[in-house]
Protein chains: 6
Amino acid sequence: MAFVSMGLSDLEKYHPERTEPADFAAFWAETLAEARSAPAVLETTPVDTGLTTVTIEDVTFPGFGGQPVKGWLVRPRGAEGPLPTVVSYVGYGGGRGLPHDHLLWASAGYAQLVMDTRGQGAEWAVGDTPDEGPGSGPAYPGSMTRGILDPATYYYRRVFTDGVRAVDAVRTHEAVDPARVLVAGGSQGGGIALAVAGLVPDVAGVLADVPFLQHIRRATEITDAYPYKEVANFCKTHRDKIETVFRTLSYFDGLNFAARATAPALYSVALMDDTCPPDTVYASYNHYLGPKEISVYPYNGHEGGGGHHVPVALAFAASLVRTRLG
Amino acid sequence: MAFVSMGLSDLEKYHPERTEPADFAAFWAETLAEARSAPAVLETTPVDTGLTTVTIEDVTFPGFGGQPVKGWLVRPRGAEGPLPTVVSYVGYGGGRGLPHDHLLWASAGYAQLVMDTRGQGAEWAVGDTPDEGPGSGPAYPGSMTRGILDPATYYYRRVFTDGVRAVDAVRTHEAVDPARVLVAGGSQGGGIALAVAGLVPDVAGVLADVPFLQHIRRATEITDAYPYKEVANFCKTHRDKIETVFRTLSYFDGLNFAARATAPALYSVALMDDTCPPDTVYASYNHYLGPKEISVYPYNGHEGGGGHHVPVALAFAASLVRTRLG
Amino acid sequence: MAFVSMGLSDLEKYHPERTEPADFAAFWAETLAEARSAPAVLETTPVDTGLTTVTIEDVTFPGFGGQPVKGWLVRPRGAEGPLPTVVSYVGYGGGRGLPHDHLLWASAGYAQLVMDTRGQGAEWAVGDTPDEGPGSGPAYPGSMTRGILDPATYYYRRVFTDGVRAVDAVRTHEAVDPARVLVAGGSQGGGIALAVAGLVPDVAGVLADVPFLQHIRRATEITDAYPYKEVANFCKTHRDKIETVFRTLSYFDGLNFAARATAPALYSVALMDDTCPPDTVYASYNHYLGPKEISVYPYNGHEGGGGHHVPVALAFAASLVRTRLG
Amino acid sequence: MAFVSMGLSDLEKYHPERTEPADFAAFWAETLAEARSAPAVLETTPVDTGLTTVTIEDVTFPGFGGQPVKGWLVRPRGAEGPLPTVVSYVGYGGGRGLPHDHLLWASAGYAQLVMDTRGQGAEWAVGDTPDEGPGSGPAYPGSMTRGILDPATYYYRRVFTDGVRAVDAVRTHEAVDPARVLVAGGSQGGGIALAVAGLVPDVAGVLADVPFLQHIRRATEITDAYPYKEVANFCKTHRDKIETVFRTLSYFDGLNFAARATAPALYSVALMDDTCPPDTVYASYNHYLGPKEISVYPYNGHEGGGGHHVPVALAFAASLVRTRLG
Amino acid sequence: MAFVSMGLSDLEKYHPERTEPADFAAFWAETLAEARSAPAVLETTPVDTGLTTVTIEDVTFPGFGGQPVKGWLVRPRGAEGPLPTVVSYVGYGGGRGLPHDHLLWASAGYAQLVMDTRGQGAEWAVGDTPDEGPGSGPAYPGSMTRGILDPATYYYRRVFTDGVRAVDAVRTHEAVDPARVLVAGGSQGGGIALAVAGLVPDVAGVLADVPFLQHIRRATEITDAYPYKEVANFCKTHRDKIETVFRTLSYFDGLNFAARATAPALYSVALMDDTCPPDTVYASYNHYLGPKEISVYPYNGHEGGGGHHVPVALAFAASLVRTRLG
Amino acid sequence: MAFVSMGLSDLEKYHPERTEPADFAAFWAETLAEARSAPAVLETTPVDTGLTTVTIEDVTFPGFGGQPVKGWLVRPRGAEGPLPTVVSYVGYGGGRGLPHDHLLWASAGYAQLVMDTRGQGAEWAVGDTPDEGPGSGPAYPGSMTRGILDPATYYYRRVFTDGVRAVDAVRTHEAVDPARVLVAGGSQGGGIALAVAGLVPDVAGVLADVPFLQHIRRATEITDAYPYKEVANFCKTHRDKIETVFRTLSYFDGLNFAARATAPALYSVALMDDTCPPDTVYASYNHYLGPKEISVYPYNGHEGGGGHHVPVALAFAASLVRTRLG
C-alpha cells in the first residue's frame, strides 16, 4: 500500500461529523447497568509455565450477561502490590493466546490482564471463550456482522461490555492498584480500549494502536481490506438492509466513544494502513476529548509501529502511573 | 485447476476406509428423536411475486430444537396435487435467496421446498434463519468449525436435522405426495441431501451435485480451497485439538451416510474441482449403498455440470416419480 | 473494490461532453437500411424441455448481412397473445445459453426472445451463432477489438444491427404484441439494449443494468478491468493507432445512443463496479433523452442489484405494458 | 514453477501413444494441394530503417486460400546470394512485430523471412495479417478454439498452411538458396516449424524451442497455463463437445508431424515450463523421426534457454548449412 | 498449502543420499581455524529498557574475519550464575531486532545471546551488522546467492562462522556456564544452529524449528517459495553455472552437518510448509547423528508449532541443562 | 494499471520543488575527482560470436575506486571510424547480458558500449561485475538500499561513477569519436544516463526512457511497485531512519542532475507506468535544463514505447551526430 487517502497535514485537520444516535448514552448506560448487576470478580488458577521471573494465572470473570470470560493475569514474580495494571485487548480473529505470549508488561513491572475475545481465537492466537449470544441472523463469515440488524443483538455490544467488566474485575484483585489501570490494545484491541475509555471515566490511560472500529461507514467506502470489508460484503448481499446496518453501527463507532473519553491517550497510526485507514484513525484522534498524543509511522501498514513503538508506549504508561501515584 | 488428484479410472476404483464412530447410529437416532418430539408442520404465507405461472409461499417449519427454519415453497400455479416434490438445500454461504430464484422445478411440474441454511445467507444468496446454537467456542470464520469440539454442539448436527425436518414438514402439506419426495442440492446442498438420504430411509431419490462434506479429513489434506480449508485453518491454530476435531467430523462425514442410503441417487462430479475434489466425491459414490449413477464433467471445476446437467437431473427425477407412482 | 471514482452526488451531476462523429446518424441509417433489405422473419423449432408451464422454441432470424442469428423464444404455456415481449441481450463472453436458463419473463407472463451474441458463447453461457465478419486484422483476444480500425468492420456494428433485427423479427411473430416490445440486458446486454433503443424509436421501454459500452474512452483510462481493458491492451501494443481506435469507437459509444433514445428507461448502477465504472453509467444516464429512473446499489460490484433488482424490473416493465396497452 | 511433471530420466523415456486420425495424411495433402493451386511468390517493398548493416523488406506472399500473408525479409546488406535462409514463426499472441526486432540471423549471414501470424499480433508484437476464415462458431478468447468443431474450419489449418507457403514463397527469391532453408521458432513458432517440417520433406533443418501444440490433450489435463487453457475452458463451457474438440485437434497435434519429419532438428525444453510442459515437449522429441538433439534448461520456465541458447542455435544452423552446401 | 510432498510414514523413512565434497571437513577446519586466530570476546554495553525483571546488554563479538558482529545478551535480573545459556539465531531477512523482542529465555532463567545476521535485518526485524564480504559477483536479491560461485566467497561461510564464534564468545562471559550452551533457532536460525552443532562438538543441545538450508538442491526442485527460490532464480538466469552453484552449496547443506552433530536435538516440522518442505527437514532429521526428537505439526505451514511448541522447547532445554549439570 | 496519478495536461505543468543538499556539487566533484585519479582505459578482448556484420569485444574499464567494470563494445564490422558512439546502461536487476543481445546501434552504424551494472545481473540479463563496496549495513533485498545510511557508502554513488567512467573510457578508443558520445538507457539505465548527463557536461545527447530514480521520495509515497518499494520497505522496518534515508537519496535524485544537464535530451514516458510513475518522469523532464523532447505513450506501463520508440530514438540520435559533426 502506498499512502492511503489524504496526506499528513490534511489528516491532522480531518474532523468529520459523527453519527450518534439520540439514545447512545442511554443504550450504554442500560447495557452496563445490566451487566453490572452481577458482582465483579476475578477467579484465578495458577499456570505452571516454567518461567521464573513472572507468574501467570488463568483467570475468569463475568462479562456480558454474566457469561464467563477468560483471560491471563501476568505479574512480575515477587512484586509487592498494589501494582499499576494494564488491561489489554486482542486484535481481530485472535483470542487470549498462550501464557508465554504476554511477557512485556510484567517484565516492566506491571500486572497485565489479557482479555479473551469471545467467539474469536481460531485465526491466529487461540481463544477459549464462547460467544453466548442470541441466535443471530445470517452473518458474513467473521464477527463483524453477527447480530448486526439490531444494536441489542450486535456482537460488539457483548465485547465492549466484556471490556468494561474486565476493568471492573481486575480492580477487585489485591495485587492491582485500581487507580492505576490502563487499557490498551492494537487494531480491534485498540477499538475496544477506546470504547472502554469512553464508558469507564476513571481509567488512568489509553493506548490505542492503529485502532479498528473508528469511523466505520467511511472505512467501508474506501477500503477493500478485511475486516471492514465484512460489513461491505453483508451490504452487498443484503442490499435492502444498508441503513439498518449503519444505524446499528452508530452505537459502536469509536468516534462516539472518543468524543466522551477523558483519560490521557496515546494513539498510533500508520500512513500505509489499508486495514485501518489513517483517516479513520485521525477522525477518532481528532474527536478524542482527553489529553492525547499520536505516533505516526509513515511507511507502515497495519503492523504500525511494531517494536519501535514499545519504548514509546512504556514511557507513556510510566508517565501516567507515576503521575497518578502522586 | 488442471486435473485434481487421480485419473478417472482410478477414481472409479477408489474405495477408502470409512471412519465411523461406534455410536454413529445411536447419535443420529437420538438427535432425530429429540427433534421429532415437536410435530412437523409447514406454515405458509403467500408472496406477491408478480409471477403468473407459479405460486410462491414463504414457509416456516420446526427444525433442530424446534427452532423455526425458513424456506420457499414453489408450485406450478393451478396444478392439482398431490405433486412430486423436491426438497432442495443450498450451497455454502448462501441462504434461501429470493423468491424469483427458484423457478426450475415448479416450471417442470414439481413442488419445491427450498430450505434456508441457518446462520448462512450473507455471502451470495440472502438467508433469514438464525442459528440458535449453544454458545460455541472459538471458530474460524464461516460455519465449518462452529462448535466443532463436540458432536453435540457441532453446527451440522443442527443443519442435517433441519434437512430431515424439512422432509417431515413438506410431507404434511396437502399439495405434496409424501411418497414422491426427492432431496437435492449442489455442493453443501448435495452434502445435506446425502445426509438426509442416509437418515430418512424412504425418500424417493437423491440428486447430489459435486457434494461437499464427503471424506472430509482427506479433503483437508489435499486441497487449499475453502470451505474445507476452514477446518485445516482451525487445526493450524488449535494444534492440540486435531484429533478432537476429526472425531467430531466422523459423525458428519458423508461417507457414513452414503453407506446407509438406499434411495436411487444421481451424483455429479467435476474432475478439476478443487473445492470438492473428485476423489472425495467418488469415495462417497463408491460407498453409496443404493442404486446410483454419476455424471462426470472432465473440464469443470466446482461449477460442475451447470446447465448441461439440468436435463440429466430432470430426466432422472422424472424416471423416479413415474416409477414410484406405479 | 471500494467506491469507484466519484461520490454519488457528483455522479448525479456528471455530464461529460460526448464525442460524436458528424456522420453518426448517416452511418447507422445506412447500416440498418442495408440490413433491412432482407425481410424480418423468425424461424422457430420447438424444444422438448420437460417443462410444463412454459414453451421454449429454438429460433433463428436474419441479422447483420442477413446472417442467421440464433435465439430462444420463451413463452408462458397456453397464454393467449398478443403478449408483451422482452428482447434480451446477453453479457460479454456468453451466448444464448441453454433453454432452461430463461424462465423469469415467461413466468411473469411475457414472451421473451433471448438473442445469441455472434462469436461469443464460450466463456460462460454457450452460444451457437458464428460471427461471419470480414477477416479482421489483428485483435486482442476477445471481441472488443475485432475490426476496430474501421467503423465499417467493427464487431459491434454487426452486433448492434443484430439487436435491432431481433426486435424487427420478434414483432413478426403472432404471439407478440409489436407495440409492447421492451429491450433489456445487463452489462454488454445493457449496452446493446441502449443502442437498440437509440436506433429503434418505438420500443416500449429499456432495462439497462450496469451497462457496458458507455463513455468508452474514459473507461479505458480509469479501470484495469476487462473487457474495457482489451481496448487499452490493443492501444498498448498498437501505440500508433490510438486515435483510429477511438474514432471507430465514437460510432458505438452508448452516450450517443442515449442522447437519442426516447423510450422510458430503467438503469441500474453499482458504486463499486470496476468493470462498468459508475461514472460511465451515469454519463449515459445523464445524457439519456427519454423518461428515466435509476436504481443505485452502493456496495455492489458488477453483479449490481442481482435478485433484489428483479422486482424493480418487473414493476417497471408492468407499468409500461399496462400504459401502452391503454 | 518448481519441476513440472516427471524427472529428466523419465522424460527421456516418455513415449506416449499418438492419436492420429486415419485420414491425417490425406487431410493435409488435400489442404496443401488446394493452397498450392496459386503460385508461390514473394512480393517485396523496401523499408527505410536507418540501419546500415542489413536491409529489410516488407513482404507479402499467398497463404491459405491464397490470402495475402505479411512478413519481413531481413538480409545482410551487400551479401551475395544465394544465402542460407531461416523462415521463422512467431510465438502466440504476437505478429511479425517491427522491422528492427529481427537482427540476429541477418547479422549472422542468413536471409530471414519472419512470417506474420494471421489474426494475432495485438498482445505483444504487432501484426498486420487478417485471418480471413469462415465465420467460426463461438470461441474462447484467443486463437486456440477458433473453428475448433471441424478440422476444416480450425484456425491452425490456415496457419500451418501459411507456414508451408512461406517456405514455398521464400524459395522463389533470388537471394535465397532453396536447398538451405531452415524453419525455426519458439513456443507457437516452434509448433508451426515442426508442422512445416512434417509437411515439407526437404527443409534443411528445424529449430523448435519449447514448442507449443504438442501432445495437446495431455497438456489440457495437466496445466492451468494459457494458451492450452483456452481449450480446457472451451470444454468447460461446451461440456457436450469434448470429443469433437479433440478429434479436430488430432489433425494438428505436433506428435503426428514429428513422427513424419526427417530434417535434422534441434529442440529445447525447460523443466519448469508450465506453458509448454516438458513432457509434452519430450513426447514430441521422442517421436521425432529425423536426426535430433535437445537442449535442456532445468531451472527455466517458458522463457527456456533465452540468450544462452542463441550460440547453440547458431552452431546447429551453421553445421547444417555447411553440410548441405557440400 | 495442502500436504506438501509425501505422507508422514514416508517422511519418517526418507533417507536420501547426501552430497558431500571430499574436502568438506578440511574446508571447515580451515575456515574455523582462521576465524579463531582472533581471541573470542564479548563486549557488552547496558541498554536502558525500562524493564525490571531482566537485564539486556548490547553486545559485540568477533565473527568471520574478526569482523564485529552485534547481538543482545538478555539475562534474568539478579540471577546468580553461571547460567545455562541459549545462543539463538534469527530467521531469514531479519536481524537481531529490538531489545524487548527477546524476553522468553531470560524469563525462564537462561541467559540468551541473540546473534545478529550480517547484512540482513531490513525485511522484518532490524539488524545492525554489516556483511563485510569480498565483492561478490552478481546475485539474485537476497542473501542466498551472494558469492555463490565459490565456497570461499559464499555468504553462509561467513554466517556459519559467526554462529560458531557466537558460542565461543558467550562462553567467555562470567554469567554463562560454558558446559550448558544450547544453540537454537527457527528456519534460517535452525539451519545455522544445526551447522554450529556440526562444527562445535560440545554444545549441550540443539533446537531447530522448521530448519532452512537442508537438502537444498531438492528444495530448489520442489518448491516455488522463497528463499530457496533465490537459488532457482539465479540458475534460471545463469543457465551455465548450475553445477558450480550446487558444488558450492554442498559445503553448506545442513545434511552434512546433521550427519556429524552429536548433541541432543529437538527438531520441529510442519507438513504444509512449502518454505522449508517437510522432506527436506526429515532428510536432515533422519541423517542426524545424535539423540533426537521431532515435533510434527500437520496443519501448519512455515509458522510451524508457534506458541504450542514453546513448552515443548522449554521442557527439552530444561531436561538437558539439568542432565548436563548432573 | 489505468492512468497513474494526474492527467497529461497537469503532468506537463508539474514542477515540484527539488530537494538538493547544499554540498551536492561538492560531493560529486570530489567523488569524480577521486575516481579519475586512475587513468581512463578500455581493455578489449574479441568475442567469437559467429556474427558477420558486427564485431563484439568483451571490455573492461576502471570504475568507482578503480574497480574493473565489464561491458561489451559492439561495432559495425569494417566501419571506418571515428564513429558516433552510444554508451548504454542497463535496467534494474540485469547485467550486460550476452553479446548477441546488443545488435541495434551497431546495425545502425554506431559503436556501442554496454556497461555492466555492478552486483546486478542475476534477475534477467546476466552480469559479470562484482560490487566491491564497503561492507554495507542491513539492506532490503535488491540494490536500492545498499549502504543507504550515508551518501558516501550508497550503492548508486558507485554506479553513477561507473557510468561517468564508461564515457571517459570509451572516449579513449580509437574507433570512437569523443565529441559524439551519447548516453542512453531505459528505466534504471535512463536514470544512470541522466545522472551522467548532469555530471559530464559535454556528452552529445541523452536518451532516457521511462527513467528510474527521479523524484524518489514522491515515488515511494505513491507506488507499491518495485524497486522504489525497496526504499519504502526499508523505511517500514527501520522506522527511525527515514530522514537519514532521504537525506542520502537527495544526493542521487535525478531531478538534481536534470537541473544541471545541458545536452539535448529525448525522454519517453508511459502514462500507465506504476514502476516509474509519469509524474516522477515529468518532474525530471520539466526540470531538465537543456533542449528536450518527450514521447508520450498513453496506454503503456513500464514497457513504455518499446519497438515503436526505436525509430524515434534513431532519428533523434542521427540528428545529433549529424549536427555535432558539423
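Analyst: Helices (H or I, at least four residues) and strands (E, at least two) are DSSP runs, numbered from the N terminus. This is a predicted model, with local features needing pLDDT of at least 70, side-chain atom pairs counting only at pLDDT 80 or more, and totals for chains, interfaces and linings using all residues. Residues are numbered from 1 along each chain as its sequence is written, chains are lettered from A and ligands numbered from 1 in the order written, and side-chain values use heavy atoms, leaving out hydrogens and water.

User: OK, which strand of chain E is E:Thr44 found in?

Analyst: Residues 43-46 of chain E form a strand, and E:Thr44 lies within that run.

User: Is E:Thr44 buried, partly exposed or exposed?

Analyst: Buried means under 20% relative accessible area and exposed means over 50%, with partly exposed in between (1.4 Å probe, protein chains only). E:Thr44 comes out at 33% relative accessibility, so it counts as partly exposed.

User: And which residues does E:Thr44 touch, leaving out those up to four places away in sequence?

Analyst: Contact here is heavy atoms within 4.5 Å. E:Val310 sits 266 residues along from E:Thr44 and 28 Å off, C-alpha to C-alpha. The residues that E:Thr44 touches are E:Glu57, E:Asp58, E:Val59 and E:His173.

User: Which element gives the largest share of the side of chain D that touches chain B?

Analyst: The contact takes 15 residues from chain D and 13 residues from chain B. On the chain D side, α6 (216-222), α7 (228-237) and α8 (242-249) each give two or more residues. The largest share, 5 residues, comes from α7(D).

User: How many salt bridges are there between chain D and chain B?

Analyst: A salt bridge needs a side-chain nitrogen of Lys or Arg within 4 Å of a carboxyl oxygen of Asp or Glu. Between chain D and chain B the count is 0.

User: Last one: how much area do chain B and chain A bury between them?

Analyst: Here 27 residues of chain B meet 27 residues of chain A, and the salt-bridge count is 0. B:Ala122, B:Pro138 and B:Thr237 supply 29% of what chain B buries, more than any other three residues. With 58% of it on carbon and sulfur atoms, the total is about 1,800 Å².

Technical notes
Buried area is the accessible area (1.4 Å probe) that two parts lose on being put together, summed over both.
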